[in-house]
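Dear colleague,

Please find below the structure for your review. My notes on its salt bridges follow.

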Amino acid sequence: MTTPLDIPTLDEIRATRQRIDPYIVRTPVWRWAASEIEALIGPQTELHLKLELFQKTGTFKARGAVNNLLALDAAARQRGVTAVSAGNHAIAVAYAAQIFGSSAKVVMPKSAPPFRVAKAQSYGAEVVLVDDVHMAFAEVRRIEAEEGRTFIHPYENRATIVGQATVGLEFGEDAPPLDALIIPIGGGGLAAGIAAAVKQMQPGCAIYGVEPTGADSMSRSFAAGSPQAIERVKTIADSLGAPKAEAYSYALCRHFLDEIVLVSDDELKSCMRLIFHSLKLAAEPACAASTAALLGPLREKLQGKRVGLIFCGSNIGLETYVEQTKA
């Protein structure tokens, strides 16, 4: 695996995992063998879950955020950092800034759940609310230029991607060899990082990305052969609502992913209910995306296979969860 794409090597990912170790947790891998899921996919399909919803801050995002803060010198930490996010990345950047004695000013759309705004603030972040995610990117660039803060991109950032790649490294070390792996896609940083790690560890593992139909920028990019944008995010899975694909994360996804599939909001809701019923976990919509792909567009293709599912996180308020899981 070499260099035109500046692919993170396994040695680099391992060194990153060691470096961020004091600030994150090694999340468990869980064999999902309950009767509820076996009734839907058959007992011959073997499922292994990477439970990143148990990560610091509630999602995998802490890994990339910590890796970014570790890369800053003392002067940059003193100036502070900034980020744009529907919630999970903002929370993670606030967490990382707090533990390294920096400050975070994060920009979030007004539609961001109050639960996530409050959680970012609980880690000391100053939160700026704007009308939509497109405006959020413009505002964070203004903050970067005027205040000298370092912008930590949620996905188009090598340090972010290498941090997220440690999820794949752990999965490859802790789970049995996989036939296939399903990864939720927002901007593509998680998928790019995990796929880079897993494909180098297990070249025969098929890797699938999954997007909501209302936030399909990476699917459009794969079809067009270049990074594409969407006009508006229209999905309950706001954690997967990136407004556009970007060059580096797109290129890594294009290089390592075998296919991207789409799932509807109704499929996400159904799988949120299934996950609660079977595993007693309150999954946010993004966390249910890999299960929705398995039970929907990938069901026949992965029948009888050993499949890994990324449960990417679950920062969701009680009221929102109850509303989204209504039958």
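A salt bridge is a side-chain nitrogen of Lys or Arg within 4 Å of a carboxyl oxygen of Asp or Glu. The model is predicted, so local features need pLDDT of at least 70 and side-chain atom pairs count only at pLDDT 80 or more, while totals for chains, interfaces and linings use all residues. Residues are numbered from 1 along each chain as its sequence is written, and side-chain values use heavy atoms, with hydrogens and water left out.

By this rule, the structure holds 25 salt bridges. One of them joins Arg14 to Asp11, with the closest N and O atoms 3.6 Å apart. Both residues belong to helix 1 (residues 10-20), and because they are three residues apart, about one helical turn separates them. Helices (H or I, at least four residues) and strands (E, at least two) are DSSP runs, numbered from the N terminus. Asp11 is exposed at 59% relative accessible area, whereas Arg14 is partly exposed at 39%. Here buried means under 20% relative accessible area, exposed over 50%, and partly exposed in between (1.4 Å probe, protein chains only).

A second salt bridge, between Glu46 and Arg306, has an N to O distance of 2.9 Å. Glu46 lies in strand 2 (residues 46-51) and Arg306 in strand 10 (residues 306-311), so this pair ties together parts 260 residues apart in sequence. Arg306 is partly exposed, at 26%.

Asp131 and Lys110 also form a salt bridge, at 3.1 Å between the closest N and O atoms. Asp131 is partly exposed at 48%, and Lys110 is exposed at 53%.

Yours sincerely
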